Amino acid sequence: MSQFLPEFLHSYIPTTIQLVYLIATGFFIVGIKRLGSPATARSGNQLASFGMFLGVVVTLFDQEIISFEFIIAGVLIGALLGATAAKKVQMTAMPEMVAVFNGFGGGASALVAWGEFTRLDPSLFDTQSLITIGLSILIGSITFTGSFIAFGKLKGFIGGGRIALPGQNNINLILTAIALVLVGWFTYDPEYQVVFWSLFGLALLIGVLTVLPIGGADMPVVISLLNSYSGIAAAMAGFVLDNNLLIISGTLVGAAGLILTNIMCKAMNRTLPNVLFGSFADGPAGGPETSDSDKSIQQTFADDVAIQCAYAKKVVVTPGYGLAVAQAQHVLKEVANLLEERGVEVKYGIHPVAGRMPGHMNVLLAEADVPYDQLKDMDEINPEFPSTDVVLIIGANDVVNPAAKTSPGSPIYGMPILNVDEAKRTIVFKRSMSPGYAGIDNDLFYSDKNQMFFGDAKKSLQELASAIKELD
Amino acid sequence: MEDLIFNLFIFVLAAFVGFELISKVPPTLHTPLMSGANAISGITLIGALIIAGGSGNLYAQWIGFAAIVFATINVVGGFMVTDRMLEMFKKKEDDQ
């Protein structure tokens, strides 16, 4: 849009653009900072989006930009699609949504690098640009296909369990090594089309192959990692274009994603390579069939649960992915309200990896108007279990499995869990006796203190709500 | 080469800032944080603008167009959905 400005201003444009980029960077940093606390989070997000707006608008004045048809059409289409998706998505489907947005972001960075490479004569690029073009395409494409596979797994289009060829991990490592060699080759001989296309295709394939084998329960880690990748891809695109705003913002996101990934891994007591390359299924999974005969469970029903909860002093709810699947957060809140009216203290104990993305349960419960001071982290709630009368375990399984503490042979041994077994009574809301994502039997179910309430979580909670009402 | 070194400086410093910014976020905010950060990674949009609107062949412009669509979905969708989530967190504070 520089052509609309008076001639004498033209010489100031490049500097002005850079200064506005600097301001936008400030908005991003302060925005992310403010996202770190519940009270300021919303304004943080707004600041960041304003920074983005500034960056985009000022870029339109870049003298390199001479035509606007593609820009206007692209922004309109993208904004329409993005806004519709953002408005329509249900809170329970948030992990899928983030995965999709993330995939588009990574894809865009790969496209930017490809576009820049196509736009100019290959001989114009120096080594730095070529390396970063290669890396941008590599990381961006992996993010793109990886995110969509993650989306498919979360949606259930693709099997949630482990889908892998024998030796899949070695295959992935070899393919990644080949891809890096191709980046090097591309840098050396950018005009050789075969190398460029092989790199692109291979990167897309690696995204598919690395995410496909990862089980559903590990999705929080994967999404978090892919989020980090998309930031790094944007930073690489920034290297290609020599654009500081891209480098800084992309790197901020990349670093943030890595930290979150690390938090997730710690919560599961696993290392990142173990999540990516290992699998619960590889471990010595003591099959549930082997010893079923000598264990018995107690089954319970709504009326009984209602009485136990209504006459309890303290009830703790530990939700898991099953709550999201059943869309039961609102009914849960209703049950909690009924109990609170009767003077029962209700708290929510949330495991860091409950659900399919970090903080998934918190968002769901927030949607149902649960005040966030009732949402307790694992470290906060664990000391409270011994004084808890009833724990309602809704759609959670592995995060409450005592095997993590007691049986060194178990694949989840060492994972910090919610110590629900210390409470006086646990009630598990579950569809059936099938094991959780980790595919491990849960001894909690057979405990004397435990009762099973079978059925869809939403239906069971509705029954429970009416049973509590009838107590009056 | 000087450009590369300069850019690397920025890259490394930004990484440190990123680590510092995120390390103390309560788990309640992990999802919004991730989706907000995700929207910011759509910053690649400004690169896409230059390619779609710049001089160069039509082929490159079409690639730029696709990049704009992708990045805008990421940016607009990401910020809006984050706002939707945070709005819910906010409401509780007013209640209390």
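1. Let's start with the secondary structure of chain A in this predicted model. Chain A holds 17 helices and six strands. Its C-alpha trace spans about 80 × 50 × 35 Å along the principal axes.

2. Next, the inside of chain A. It has 472 residues, and 55% of them count as buried. If you look at contacts in chain A between residues at least 6 apart in sequence, 78% of these join residues at least 24 apart.

3. Now for the meeting of the two chains. On the chain A side, 100 residues are in contact with chain B, and on the chain B side 80 residues are in contact with chain A. Several elements of chain A give two or more residues to this side: the helices α1 (13–34), α2 (41–59), α3 (69–88), α4, α8 (219–241), α9 (244–267) and α14 (360–367), along with the strand β3 (375–377). Of these, α4(A) gives the most, with 17 residues. Sorted by class, the side of chain A that touches chain B has 59 nonpolar, 30 polar and 11 charged residues.

4. Which helix of chain B does α4 of chain A pack against? The partner is α3 of chain B, residues 45–53, while α4 of chain A covers residues 94–119. The axes of the two helices are 9 Å apart and meet at an angle of about 30 degrees. Because angles under 35 degrees count as roughly parallel, α4(A) is roughly parallel to α3(B). The crossing of α4(A) past α3(B) is left-handed.

5. From α4(A) come Ala108(A), Val112(A), Gly115(A), Glu116(A) and Arg119(A). From α3(B) come Leu45(B), Gly47(B), Ala48(B) and Ile51(B). Taken together, the residues of this contact are five nonpolar, two polar and two charged.

6. A last point concerns the nonpolar core. The largest one has 198 residues, and those with the most contacts inside it are Leu199(A), Ala67(B) and Ile68(B), so residues of both chains are named here. Helix α4 of chain B, residues 58–95, gives the most to this core, with 19 residues.

7. Which residues surround Leu199(A), leaving aside its neighbours within four places in sequence? Leu199(A) is in contact with Gly134(A), Ile137(A) and Leu138(A), and also with Ala179(A), Leu182(A), Val183(A) and Phe186(A).

Conventions. Residues are numbered from 1 along each chain as its sequence is written. Chains are lettered from A and ligands numbered from 1 in the order in which they are written. This is a predicted model: local features need pLDDT of at least 70, side-chain atom pairs count only at pLDDT 80 or more; totals for chains, interfaces and linings use all residues. Helices (H or I, at least four residues) and strands (E, at least two) are DSSP runs, numbered from the N terminus. A residue is buried if 20 or more other C-beta atoms lie within 10 Å of its own, exposed if 12 or fewer, and partly exposed in between; C-beta atoms are placed from the backbone. Two residues are in contact if their C-beta atoms, placed from the backbone, lie within 7 Å. Axes are lines fitted to C-alpha atoms, for helices over the stretch in contact, and angles run from 0 to 180 degrees between N-to-C directions. Angles under 35 degrees count as roughly parallel, over 145 as roughly antiparallel, 65 to 115 as roughly perpendicular and the rest as oblique. A crossing is left-handed if the near helix is turned anticlockwise from the far one by less than a right angle, and right-handed if clockwise. Ala, Val, Leu, Ile, Met, Phe, Trp, Tyr, Cys and Pro count as nonpolar, Asp, Glu, Lys and Arg as charged, and the others, Gly among them, as polar. A nonpolar core is a set of buried Ala, Val, Leu, Ile, Met, Phe, Trp, Tyr and Cys residues joined through C-beta atoms within 7 Å.
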